[in-house]
Amino acid sequence: MDTAAQARWLLDAVVGAVPLSAAVFDREMRYLAHNGSWIAAHGYQCDGDLRGRSHYEVFPEITEDWRSIHRRCMEGSTERRELDVFERADGGREYLRWVVSPWRKAEHEIGGIIIFVENITEQVITQRRLQEREALVDDLFQKSPVGLNLCRMDGLWVESNPAFLDIIGYNREEADGGLTYWQLTPRKYDADEAQQLERLRTTHHYGPYEKEFIRKDGKHVPVRLNGFLVEREGETYIWSLIEDLTAQRTLEVAVDQERVKAIQATKLATLGEMAAGIAHEINNPLGIIDAFAFVARDAVARGDATAAHEALEVIRDATERAGKIVHGLKRFARQSTDDTELVDVGKLVEDTLTLWRTRMRSDAAELSVSVEQDACVQARPVELGQVLVNLLNNAFDAARKSDDRWIDLTVAFDASDVVISVEDSGPPILPTVASEMFRAFFTTKPAGEGTGLGLSISREIIERHGGSLVLAAEVANTRFVVRIPRVDR
Amino acid sequence: MKGEVVYIDDEPMLCRAFSAILMQRGIAVTTFTDSVAAIAHINSHPTALVICDYRMPRLSGLDVRAQIPDDIPFYLVSGELDVPMREGVKVSGILTKPFRIERLVEIVESHLK
């Protein structure tokens with residue numbers, strides 16, 4: 001092979017092996033060499049060999065821009081473009097990187113130009129997508145209403161978003177200046193923290209976990225945390241999502257206050273229903289006092305000291321009797337506080353019955369009470385008394401409709417609970433009623449005789465005491481059973 | 001007027017006081033704390049006057065009125081906020097609690113004159 005043939009063979013081999021679109025031209029822009037990628041890039045349909053042909057004849061659509069680049073490079077300049085947009089005939093867009101430079105003959109005379117074109121459309125699109133994604137993530141990080149925080153395993157903070165800084169009340173400089181998770185966590189959460197960290201280690205995530213952060217102003221802010229482990233450049237970090245629960249807690253307090261009001265309102269309604277009986281029960285001692293004062297006056301007039309003395313004793317007993325009713329009334333009607341106290345259920349039953357018995361007189365219903373001594377619970381006595389009255393009122397209304405008319409009230413306890421059961425001689429509750437009766441405003445009583453709140457409020461009260469209120473199954477009559485966790489005196 | 005005075009109240013102390021007071025005035029009174037027993041007694045004994053509490057176990061004061069002869073004067077004693085009167089049941093008067101015991105003595109004396 002002669003030298004010229006060898007040089008051409010070498011040129012073809014080099015151009016063919018370049019991983020870009022490449023073409024070599026002589027001074028008249030005739031192809032000396034090109035590769036397959038060049039033809040593909042130009043969308044040219046032919047047998048694939050352009051050697052010897054003029055670039056401008058093959059591609060008459062070559063722009064004046066390109067033609068002038070070619071001319072300048074023929075004069076010795078080298079031009080390159082890192083990002084060039086190429087609008088394709090089909091409306092698509094391609095991104096190109098290219099370089100055009102002259103090649104010289106042995107005597108340094110310019111023999112033509114070499115063009116390398118790289119289609120970087122895919123890289124450009126991928127990079128744009130990455131940038132868009134990064135902007136999106138950054139936007140989310142900045143604008144998220146949920147606090148976001150990245151910290152090292154030792155608790156040192158790496159990144160915090162504005163929502164999180166807002167929750168803890170620090171500015172960015174302070175947060176970036178070495179604040180740690182532990183500085184903001186009250187000591188009382190130490191044990192919980194250890195537990196969450198252990199979860200994080202074994203399951204790679206933690207939460208939902210409710211705790212407090214100590215704000216910069218010293219206030220404690222309730223938060224809910226969720227988080228997971230991430231690896232970044234070989235180190236392990238914790239991403240935490242922090243929700244501020246302040247608004248939720250405020251709402252919970254408001255709901256709680258409404259609930260206390262509802263309990264009070266129901267109680268007053270119950271009291272209203274019982275007013276006639278209470279009036280009767282106060283009137284009787286008043287009548288006795290008046291009558292025995294009259295008897296005493298008669299006795300004094302005729303000098304019968306023994307009879308006078310006896311009458312005065314009766315008056316004192318009657319006063320005491322009226323006093324007990326008032327005591328029971330005070331106990332029942334006073335606003336319940338949130339504080340629980342040690343309550344002897346037997347004693348509570350006794351107090352409640354003093355008031356409640358006022359209902360029993362007009363219609364016969366035999367009330368039998370059996371109380372196991374020392375049945376104590378930690379409770380709000382006013383609320384518990386209200387539940388008893390509600391259950392007794394229901395039992396009384398049911399018993400009245402039956403033939404034998406009795407109510408059984410028992411207080412007993414087992415290892416875990418104090419059990420109060422109220423059973424009446426009334427017919428069993430229909431399944432359709434049983435499924436609805438714990439709902440608020442459900443009542444089977446005639447208008448004006450029940451608020452429909454008794455059982456729903458009663459159940460709520462008992463559940464707030466950590467207990468349960470249910471209708472006993474498989475009882476021939478009707479029996480409601482209250483269970484409340486028992487405590488030792 | 002012939003017959004005895006009958007006082008019905010489920011409160012034994014009131015029965016006791018009333019009978020002691022009338023006794024001092026030379027008037028005999030028969031008292032009952034149970035309305036059913038009282039009805040049986042009234043229907044088998046000449047009765048001049050009945051004073052009866054409204055709110056009682058078993059039968060109420062109005063039930064008593066309905067089950068004894070209409071011509072016996074009948075006073076209803078009531079501590080109710082609203083006395084639940086029944087159509088067709090006539091009473092000679094209603095004493096609303098609380099009242100002075102003199103009122104009862106006056107009623108008895110006016111009927112015995």
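## A tour from a strand pair to the cores

Start by selecting Val5(B): opposite it, in strand 3 of chain B, stands Leu49(B). This is a predicted model, in which local features need pLDDT of at least 70, side-chain atom pairs count only at pLDDT 80 or more, and totals for chains, interfaces and linings use all residues. Residues are numbered from 1 along each chain as its sequence is written, while chains are lettered from A and ligands numbered from 1 in the order in which they are written.

**The sheet of chain B**

Now colour strand 1 (residues 4-8) and strand 3 (residues 47-53) of chain B, which pair in the parallel sense over five bridges. Strands (E, at least two residues) and helices (H or I, at least four) are DSSP runs numbered from the N terminus, and two strands pair if DSSP finds at least two bridges between them.

Next, select helix 1 (residues 12-24) of chain B, which packs on the sheet and touches strand 1 and strand 2 of chain B. Contact here means C-beta atoms, placed from the backbone, within 7 Å.

Show the whole sheet: five strands of chain B in the order 2-1-3-4-5, open and parallel. Why is one side of strand 2 (29-32) and of strand 5 (93-96) of chain B left without a neighbour in the sheet? Both stand at the edges, so each has a single partner strand.

**Where the chains meet**

Select the contacts between the chains: 20 residues of chain A meet 21 residues of chain B. On the chain A side, helix 9 (residues 246-301) gives the most, with 15 residues.

**Inside chain A**

Display chain A, with its 14 helices and 17 strands. Of its 489 residues, 27% count as buried, meaning that 20 or more other C-beta atoms lie within 10 Å of a residue's own.

Which residues touch the most other members of the largest nonpolar core? Select Val345(A), Leu392(A), Ala395(A), Ile407(A) and Val422(A), out of 39 residues in that core. Such a core is a set of buried Ala, Val, Leu, Ile, Met, Phe, Trp, Tyr and Cys residues joined through C-beta atoms within 7 Å. Helix 12 (residues 381-400) of chain A gives the most to this core, 11 residues.

Last stop: a second, separate core of 38 residues, with Ala299(A), Ala311(A), Leu14(B) and Val108(B) among them.

How values were computed: Buried ≥ 20, exposed ≤ 12 C-beta atoms within 10 Å, placed from the backbone. Contact = placed C-beta atoms within 7 Å. Axes fitted to C-alpha atoms, helices over the stretch in contact; angles between N-to-C directions.
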